[in-house]
Amino acid sequence: MAIRKIARMGHPVLRTSAELVADPTAPEIRCLVEDMLETLAEERGTGLAALQVFVSQRVVVFFVARGEEQVPLTVLINPVVEPLGPEMSLAYEGCLSLPGLTGRVPRFERIEYIGLDLSGQRVARTATGFHARVVQHECDHLDGVLYPMRMTDPGTFGFAEEIHRAVHDERLPLTPPGDPAREGIP
Ligand code: NI
């Protein structure tokens, strides 16, 4: 296992579409996922997509540990996300490819997603709220989409430290709990 370098916004790899994984059980995919998990832990992130470590494969890893919402560490290979209804919610997100920055992003409130795990077994879940947000953020990476491209109010984009302060002082809407500089944390 190894900690891998993370691509930062501006690197062309982040704007590409990742390729479908032909065999989720292949040893190189297991190795990739192990490295992604180690990298995620090192960076204290919530989620990571393979393109962020310069690998063009449709693989994401994430977990959710936030109050009542708990989703164990999940590996999703070739994921597909479908919104369940039109409702959107706004919250701040961060991304390991945009260190120190945050912005307020609209996401579908309720989704279903399917994918494969490392043994090739089907994973199928419905998700709401933060869980749904994290999955949408990570799966966007696989199509070369970074969260600023989803933002509807560029005025809420900036350095997490400043935004945090402004939100706390009520000069910007919507309080981001926790550290907004981290991946997927609103
Ligand atoms: Ni990200």
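**Entry 1: secondary structure.** I looked up the secondary structure of this predicted model and found 3 helices and 8 strands. Helices (H or I, at least four residues) and strands (E, at least two) are DSSP runs, numbered from the N terminus. Along the sequence I read the pattern α-β-β-β-β-β-β-β-α-β-α. The radius of gyration, taken over C-alpha atoms, is 16 Å, close to the 16 Å of the globule rule for 186 residues, so the protein is as compact as a globular protein of that length. That rule is 2.2 Å times the number of residues to the power 0.38.

**Entry 2: basis and confidence.** I number residues from 1 along each chain as its sequence is written, and side-chain values use heavy atoms, without hydrogens and water. Local features need pLDDT of at least 70 and side-chain atom pairs count only at pLDDT 80 or more, while totals for chains, interfaces and linings use all residues. pLDDT is the predictor's confidence in each residue, from 0 to 100. I noted a mean pLDDT of 92 for the protein, with 92% of its residues at 70 or more. Over residues 175-186, pLDDT stays under 50.

**Entry 3: helix 3.** I asked which residues of helix 3 (residues 160-168) are buried (under 20% relative accessible area; exposed is over 50%, partly exposed in between; 1.4 Å probe, protein chains only). They are Ala160, Ile163, Ala166 and Val167. These residues lie on the same side of helix 3, because they cover an arc of only 130° around the axis; the arc is that of the directions from the helix axis to the C-beta atoms. Glu161 and His168, on the other side, are exposed. The buried residues pack against strand 4 (88-93), strand 5 (101-108) and strand 8 (158-159). Just after helix 3, I found Glu170 with a positive phi of about 65°.

**Entry 4: nonpolar cores.** Of its 22 residues, Val60, Phe62, Leu76, Ile111, Tyr113 and Val135 touch the most other members. Helix 2 gives the largest share, 5 residues. A second, separate core has 18 residues, including Leu40, Val75, Ile77 and Leu118.

**Entry 5: Ser97.** I located Ser97 in the loop between strand 4 and strand 5. Ser97 is buried, with a relative accessible area of 2%. The side chains of Ser97 and Gln52 are joined by a polar contact of 2.9 Å. Such a contact is a pair of N or O atoms within 3.5 Å; within protein, one must be able to donate a hydrogen and the other to accept it, and residues adjacent in sequence count only if both atoms are side-chain atoms.

Technical notes: Contact = heavy atoms within 4.5 Å. Core = buried A, V, L, I, M, F, W, Y, C linked by side-chain atoms within 4.5 Å.
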